[in-house]
Amino acid sequence: MSSLNRTFVGMKFIGIIPARYASSRFPGKPLARLGGKLVIERVVEQVSAVLEEVYVATDDERIRQAVEAFGGKVVMTRNDHQSGTDRICEALDKLYPQSNPQPSTFLPDVVINIQGDEPFIQRSQLEAVMRCFDDDTTQIATLGKPFESMEAAKSPNSPKIVVDNRGYAMYFSRSVIPFVRGKAQEEWLTCYPFLKHIGLYAYRTEVLREVTRLPQSSLELAESLEQLRWLQNGYRIKVGMTDVETVGIDTPEDLERAEQFLAQRG
């Protein structure tokens, strides 16, 4: 299937992949090899199968050289960003400077922030987050996936989402939410569809520029979840649904799991 950068409502999407060399748990992971290719190369390949316009945003010359060597496009950014959101916003401003406005038909409507350590991101996930913008009131979009066990839901490393009846996020938490009163915890999944947050984000272009100017919020600092800054400031986050569980790479052990996953897929 050919790549595209416009979806069902005629909007222009671009993908930006933030990639840092420095990582406390896995330095240099974008350049780690997975099945004979770089991790970042696999991410770019997966996203480029869906979007025509894909860039890696990095502050590291080694990553720049590696991406250009396999034919990818790179935007160099500062090295003092606190989050990937800040990094992709700088990349956007370099690609589309506000001081030199382009024709409105050329500007992207939506920027998708793809994690640089998700080499198995799927077309269906990208299209699910893009489809959220069929709703004109969507400002930011992300993904959720139903938990398969309460044991998995209890992990603070897997943020939970509570959504309203229209699919908009009401809250994200590392705690298990909501609390199911009057039931043993092992029965909770039969009472409520607990939802795991999948860290793929998309932003309307003007909203991306707005949220990166916001100071950190009290809820964000309490839970260490950046998306709470946006909610606390009144932004609306639409949650698309996926049933796909990918293998993210955060540690060398994750890379080993990814190699096994790749081998099983043949």
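## Basis of the description

Two strands are treated as paired if DSSP finds at least two bridges between them. Helices (H or I, at least four residues) and strands (E, at least two) are DSSP runs, numbered from the N terminus. This is a predicted model, in which local features need pLDDT of at least 70 and side-chain atom pairs count only at pLDDT 80 or more, while totals for chains, interfaces and linings use all residues. Residues are numbered from 1 along each chain as its sequence is written, and side-chain values use heavy atoms, with hydrogens and water left out.

## Overall architecture

The protein chain has nine helices and eleven strands. Its radius of gyration is 18 Å, close to the 18 Å that the globule rule gives for 266 residues, so the chain is as compact as a globular protein of that length. Here the radius of gyration is taken over C-alpha atoms, and the globule rule is 2.2 Å times the number of residues to the power 0.38. Along the principal axes, the C-alpha atoms fill a box of roughly 55 × 40 × 40 Å.

Of the 266 residues in the protein chain, 52% are buried; buried means under 20% relative accessible area, exposed over 50%, and partly exposed in between (1.4 Å probe, protein chains only). Among contacts (heavy atoms within 4.5 Å) with a separation of 6 or more, 69% are between residues 24 or more positions apart.

Strand β1 spans residues 13-19, and seven of its seven residues are buried, so the strand is largely enclosed by the rest of the structure. The burial concerns both faces: Phe13, Gly15, Ile17 and Ala19 lie on one side, and Ile14, Ile16 and Pro18 on the other.

Two parallel pairings involve β1. Five bridges join β1 to strand β4 (residues 54-58), and in that pairing alanine 19 stands opposite threonine 58. Four bridges join β1 to strand β6 (residues 110-113), where isoleucine 14 has valine 111 as its bridge partner.

## Salt bridges

The structure holds 21 salt bridges, each defined as a side-chain nitrogen of Lys or Arg within 4 Å of a carboxyl oxygen of Asp or Glu. Arg25, Lys29, Asp117 and Asp250 are linked in a network of such bridges. Aspartate 60 and arginine 62 also meet through their side chains, at 2.8 Å from N to O. Aspartate 60 counts as buried at 10% relative accessibility, whereas arginine 62, at 45%, counts as partly exposed.

In helix α4 (residues 123-131), arginine 123 and glutamate 127 are four residues apart, and are therefore separated by about one helical turn. These two residues form a salt bridge in which the closest N and O atoms are 3.2 Å apart. Arginine 123 is partly exposed at 23% relative accessibility, and glutamate 127 is buried at 18%. A further salt bridge links lysine 154 to glutamate 151, with the closest N and O atoms 3.6 Å apart. Lysine 154 is partly exposed, with a relative accessible area of 38%, while glutamate 151 is exposed, with 60%.

Serine 158 is placed in the loop between α5 (150-153) and β8 (160-163). With a relative accessible area of 14%, serine 158 is buried. Not counting residues up to four places away in sequence, serine 158 touches Phe147, Ala152 and Lys196.

Serine 218 lies in helix α7 (residues 218-223) and counts as exposed at 51% relative accessibility. The side chains of serine 218 and glutamine 232 are joined by a polar contact of 2.9 Å. A polar contact is a pair of N or O atoms within 3.5 Å; within protein, one must be able to donate a hydrogen and the other to accept it, and residues adjacent in sequence count only if both atoms are side-chain atoms. Serine 218 and arginine 64 are 154 residues apart along the chain, and their C-alpha atoms are separated by 36 Å.

## Cysteines

The structure holds zero disulfides, a disulfide being a pair of cysteine sulfur atoms within 2.5 Å. Cysteine 132 is buried at 7% relative accessibility, whereas cysteine 191 is partly exposed at 39%.
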